[in-house]
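Please read this short report with the sequence and the structure side by side. It starts with the whole chain and then turns to a few residues.

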Amino acid sequence: MSRFLPVAKKENIVVQELNSEVLIYDLNLNKAFCLNETSGIIWQLCDGTKTVAEISQAVGNKFNAKISEGFIWLALEQLKKDELVESQVAPPAEFAGMSRREIIRKVGFASMVALPVVASMIAPTAINAQSGICGCINPGDCLNQTGCPSTVNCNPAMQCAP
C-alpha cells in the first residue's frame, strides 16, 4: 500500500463551498477554480494524514459506491496540475504516461459517481475589472439608453442591440 499522503493547498487561497461545489480563488495565481462535488470532496480529504486508499474508502462511503484508487489518482493529478495539491503527485506505475481518457477507461468507475472535474479561469486584473465599458447581451437587460446599468459610468456610444 502506498504511503503517499496528499496535502491540499491551504495558503493564499479563498474557499467558498456551495451546494455541491467548492470554489477556490488562488490569490497568488489570480486564478479561480470550480471543483465539482467529487473533486471537492477529494480535495478536502487531502489533509496530509490520509493515504490514497483511505481517501478512496472515504469517497466511496460518501457516494455509497466502490471507488478505485485509480479514480482518486485521476483527481489528484488534475488538482496537482492546477496547483491545488502541494505535495508531489506520483501516480502508480500502472497509470504512468496514460492520458485522462485512458485512465478513465482503466478505472471503470460507476456511472453514478461524477468524474472529478476542476474548471479554472484567470481573474481579470484590477484595471480590466473597472473598464467602464459595458453593453448588454439581451435587449431586456438594458436599464438605460446606453445599455448599461444606471449605476455604472458608461461609454455613451454603447447602444443596446435590438
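The model is predicted. The protein chain holds five helices and four strands. Read from the N terminus, the order of these elements is β-β-β-α-α-α-α-β-α.

Of the 162 residues in the protein chain, 34% are buried. Among contacts with a separation of 6 or more, 53% join residues 24 or more positions apart.

Helix H2 spans residues 52–63, and Phe63 belongs to it. Phe63 counts as buried because its relative accessibility is 15%, and the cut-off for buried is under 20%. In sequence, Phe63 and Thr38 are 25 residues apart, while their C-alpha atoms are 9.1 Å apart in space.

Asn64 lies in the loop between H2 and helix H3, residues 69–81. Asn64 is not a glycine, yet its phi is positive, near 55°. Glu83 sits in the loop between H3 and helix H4, residues 100–107. Glu83 also is not a glycine and has a positive phi, about 60°.

| Residue | Relative accessibility | Class |
|---|---|---|
| Phe63 | 15% | buried |
| Asn64 | 69% | exposed |
| Glu83 | 44% | partly exposed |

Asn64 counts as exposed because its value of 69% falls in the class over 50%. Glu83, at 44%, is partly exposed, since that class lies between the two cut-offs.

Methods:
Residues numbered from 1 in each chain as written. Predicted model: local features only at pLDDT ≥ 70, side-chain atom pairs only at ≥ 80, totals over all residues. Heavy atoms only, no water. Helix = DSSP H or I, 4+ residues; strand = E, 2+ residues; numbered from the N terminus. Buried < 20%, exposed > 50% of the residue type's maximum accessible area, 1.4 Å probe, protein only. Contact = heavy atoms within 4.5 Å.
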